[in-house]
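Subject: Model handover

Hello,

Here is the model for you to look over. My notes follow below it.

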Amino acid sequence: MPERLGTTVTKHIMDAQRAHPHATGDFSNLMNELVVAAKVIHRAVSKAGLSDILGKTGLTNVQGEEVQKLDEFANITIIHKMDHTGLLCAMASEEMDQIFEIPDKHPQGGKYALAFDPLDGSSNIDANVSIGTIFSIHRKVTSGLKGKTDDFLQPGSRQVAAGYIIYGSSTMMVYTSGAGVHGFTLDPSIGEFLLSHPNIRIPARGKIYSVNEGNYRKWDDRTRAVADYFKTEDKATGRPYSARYIGSLVADFHRNLLYGGVFMYPADVCNPHGKLRLLYEAAPLAFICKEAGGDAISGEEDILDIQPKELHQRTPLFIGSRDDVAVCRGILKGEAAPVSR
Ligand code: P6P
């Protein structure tokens, strides 16, 4: 008797569409094209050590970071998978200085704007550390057929959907379209993402804090107080927390989403606005985290409330379990740290 397959991500997306009687199917088609791009990137990442695409291109991206060959491959894969669908008005990528307008030869007038980090954590590629693709989908808001930068400069609260693919011990796709957070694990033997983590909820409080403490001396006093809080012994509040830091945002975020805890990339004297990018890193992960019952702040603001001013703008990020982020928020505002759980 053949085994009963689980729910594929494609079926999950189609089922979700049925909940919207007026849906045209464009969003479902967009998500399913992204799924195919994810499978192509998975194939390249899983073979990186066995082919000559490992290593660097000798190029640098708009962030001034060395472009790894897999970065470039992932970027081009998503562009080529999505540019002819007629579903997008434009794309924005960490790897591209300006937005990518849909070429005239392809159908125009797509109603969505797709922003993505094609392969985050790429500096870890050669060491076989988990890396990830992060994506954010907004509705087109400007007039005319062609997408414009302003279609991307929307607060994260207006995202239609957000998700990531983590290429780790297994490859998983996690996404939300505002109706819960759902995780799908790729079964390479059949090339399908199968529902493995329905309705993910992040624990209200965790036991893990994730931050690069090597930057401790570069932080301001309140940021140092946050890190000091989580590593101070205090049984009443379940401290000290365990320090876990992979240095790959998607991997650190995914672990905390499932286990609970807080990830931080604060501002410091070298990165006065933080290191991570708002549009295609902080905002999509914040949408997912909030949908799963967590929270995400820059310090002063909720990440999802920030009105972006430029495509590649950076933001400090404190994201994870609701109660742990609340502690960060209080300490960063200068309030006394809580003394009980
Ligand atoms: P640091 C990877 O380069 C990245 O953009 C994120 O994936 C990760 O969270 C962060 O930078 C790590 O930065 O300064 O701690 O090495």
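About 2800 Å² is buried between domain 1 and domain 2, and carbon and sulfur atoms give 65% of that area. Buried area here is the accessible area (1.4 Å probe) that two parts lose on being put together, summed over both. On the domain 1 side, Ile134, Leu153 and Tyr164 lose the most area to domain 2, together 21% of what that side buries.

Some ground rules. This is a predicted model, with residues numbered from 1 along each chain as its sequence is written. Local features need pLDDT of at least 70, side-chain atom pairs count only at pLDDT 80 or more, totals for chains, interfaces and linings use all residues, and side-chain values use heavy atoms, with hydrogens and water left out.

The domains. Domain 1 covers 3-197 and domain 2 covers 208-332; the bounds come from an automatic or database domain assignment. Their centres, taken over C-alpha atoms, are 23 Å apart. In contact (heavy atoms within 4.5 Å) are 47 residues of domain 1 and 32 residues of domain 2.

The rule finds one salt bridge across the interface of domain 1 and domain 2. A salt bridge means a side-chain nitrogen of Lys or Arg within 4 Å of a carboxyl oxygen of Asp or Glu. Arg277 forms a salt bridge with Glu94, with the closest N and O atoms 2.1 Å apart. Please check that distance.

The core. The largest nonpolar core has 40 residues, and Met31, Leu114, Leu119, Phe135 and Ile137 touch the most other members. Such a core is a set of buried Ala, Val, Leu, Ile, Met, Phe, Trp, Tyr and Cys residues joined through side-chain atoms within 4.5 Å. Buried means under 20% relative accessible area, exposed over 50%, partly exposed in between (1.4 Å probe, protein chains only). A second, separate core of 32 residues includes Ile134, Leu257, Ala282 and Cys289.

Last, Arg314. Arg314 counts as partly exposed because its relative accessibility is 27%. A polar atom of its side chain lies 2.5 Å from the backbone oxygen of Lys275. Gly274 is 40 residues from Arg314 in sequence, yet 5.8 Å away in space, C-alpha to C-alpha.

Best wishes

Definitions and conventions: Polar contact = N/O pair within 3.5 Å; in protein donor to acceptor, adjacent residues only side chain to side chain.
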